[in-house]
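Hi,

Here is the structure I promised to pass on. Have a look when you get a moment; my notes on it follow below.

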Amino acid sequence: MSLKELIECKHPTAWLEFENGVIDEEELEGKFFKDRRPFDLQGLKNCMRRGYSYIDGVEQLLQDLKQNNYEMHAFTNYPIWYRIIEDKLNISKYLSWTFCSCMYGKRKPDPDFYLAVVEHLKVDPASCIFVDDRIKNVEAAVGVGITGLQFKNSDLLRQDLLRLGVDIAIDAQ
């Protein structure tokens, strides 16, 4: 089915509840569609797994930041399936999966989620840089005092970070 058809047929809150850790996989499977029709949950997970890959230049940028001892954390609206990404890409060699919506019961762009992050890290919001592809999430970060950058591609992000004074090993490109 097309994405449009899927959106029309899916339960209006099931995925959000799953992302927030309110329901588990079994409950998601039972109510994924409004009409409660069965679907191939494992097939969906396999499809998602196949779709994950590093965006061009991102792994090198993460490696460069890690080599310069920057502390990095995932801050994501994602259910427990973030482990699928980890299993495929081993992102934890660069950052910690600290702030997943399934662990906090909050989603971006909720300002309380951003505040929970800085409280957990015990840092001033101004000392953090938040990167996201969605401008509404970046604006929410800025709204609580965090520096926000919209991700468009790895080269532009590298330039934005350099402009902010982030020391990145240029010779590693």
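Ring pairs join F75, F99, Y104, F113, Y114 and F130 into a cluster. Keep in mind that this is a predicted model. Across the whole structure, a search turns up 15 aromatic pairs. One of them is Y54 with Y94, an edge-to-face pair with 6.5 Å centre to centre and 80° between the planes. That pair ties together distant parts of the chain, 40 residues apart: Y54 sits in the loop between α4 (41-51) and α5 (58-67), and Y94 in the loop between α6 (82-89) and β2 (96-100). Both Y54 and Y94 are buried.

**Helix α9**

Next, have a look at α9, which spans residues 135-143. Which of its residues are buried? They are N137, V138, A140 and A141. Looking down the axis of α9, you will find these buried residues within an arc of 160°, so they line one face of the helix. E139 and G143, on the other side of α9, are exposed. As for what covers the buried residues, the list includes α8 (111-121), β3 (129-132) and β4 (147-150). After the helix comes G145, with a positive phi near 95°.

**A nonpolar patch**

On the surface, I129, V131 and L164 make up a nonpolar patch, and together they have about 200 Å² of accessible area. L164 belongs to the segment after α10 (154-163).

As background, most residues other than glycine have a negative phi, and most peptide bonds are trans.

- The peptide bond from K108 to P109 is cis, with omega near 10°. P109 is in the loop between α7 (101-104) and α8.
- R36 is not a glycine, yet its phi is positive, about 65°. You will find R36 in the loop between α3 (25-31) and α4. With a relative accessibility of 51%, R36 counts as exposed, because the cut-off is over 50%.
- N90, also a residue other than glycine, has a positive phi near 55°. N90 is located in the loop between α6 and β2, and its relative accessible area of 36% makes it partly exposed.

Cheers

Definitions and conventions. Residues numbered from 1 in each chain as written. Predicted model: local features only at pLDDT ≥ 70, side-chain atom pairs only at ≥ 80, totals over all residues. Heavy atoms only, no water. Buried < 20%, exposed > 50% of the residue type's maximum accessible area, 1.4 Å probe, protein only. Helix = DSSP H or I, 4+ residues; strand = E, 2+ residues; numbered from the N terminus. Arc of directions from axis to C-beta. Contact = heavy atoms within 4.5 Å. Patch = residues over 30% accessible without salt bridge, like charges linked within 9 Å, V, L, I, M, F, W, Y side chains within 5 Å. Areas by Shrake-Rupley, 256 points an atom, 1.4 Å probe, with all protein chains shown as cover. Salt bridge = Lys/Arg side-chain N within 4 Å of Asp/Glu carboxyl O. Phe/Tyr/Trp six-rings, centres within 6.5 Å; stacked < 30°, edge-to-face > 60°.
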